[in-house]
Amino acid sequence: MRDYVLECIGEPDSAQEHPREGGGLQLSPDTLKAAQEAAQAAGEPVPQFIERAVVTQAKRDKVTRSLDQPQK
């Protein structure tokens, strides 16, 4: 996914620094635009923003799942 995002935002040289890990995921144009705007507002590169957003949401989801499970 990182390579795809970097190519979409015109940073193909940076894409070569990181191995492809996402299996070629594609973002919808609206999602990419939102990520670009949010990354700019956060003052960070789009790939770094997307990585942080995904990791943060995965942690939130894990906590939510643990809270939803009945206590033994």
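What is the mean pLDDT of the protein, and what percentage of its residues reach 70 or more? The mean pLDDT (the predictor's confidence in each residue, from 0 to 100) is 81, and 67% of residues reach 70 or more. This is a predicted model, in which local features need pLDDT of at least 70 and side-chain atom pairs count only at pLDDT 80 or more, while totals for chains, interfaces and linings use all residues. Residues are numbered from 1 along each chain as its sequence is written, and side-chain values use heavy atoms, with hydrogens and water left out.

The protein has 4 helices and 0 strands, where helices (H or I, at least four residues) and strands (E, at least two) are DSSP runs numbered from the N terminus. Along the sequence, the pattern reads α-α-α-α. Confidence is lowest in helix α2 (residues 12-15), with a mean of 49, and highest in α3, with a mean of 95.

Helix α4 comprises 23 residues, 46-68. The expected span of a helix is 1.5 Å times one less than its number of residues; α4 should therefore span 33 Å, and the 32 Å between its end C-alpha atoms agrees with this.

The axes of α3 and α4 come within 9 Å and cross at roughly 100 degrees; here axes are lines fitted to C-alpha atoms, for helices over the stretch in contact, and angles run from 0 to 180 degrees between N-to-C directions. The two helices α3 and α4 are therefore roughly perpendicular, a class covering 65 to 115 degrees. In contact terms (heavy atoms within 4.5 Å), Ala35, Gln36, Ala38, Ala39 and Ala42 of α3 meet Val46, Phe49, Ile50 and Arg52 of α4. The C-alpha atoms of Ala38 and Phe49, 11 residues apart along the chain, are separated by 7.8 Å. Ala38 counts as partly exposed because its relative accessibility is 28%, between the limits for buried (under 20% relative accessible area) and exposed (over 50%), using a 1.4 Å probe and protein chains only.

Buried residues make up 19% of the 72 residues in the protein. In α4 they are Val46, Pro47, Phe49 and Ile50.

Technical notes
Parallel < 35°, antiparallel > 145°, perpendicular 65-115°, else oblique.
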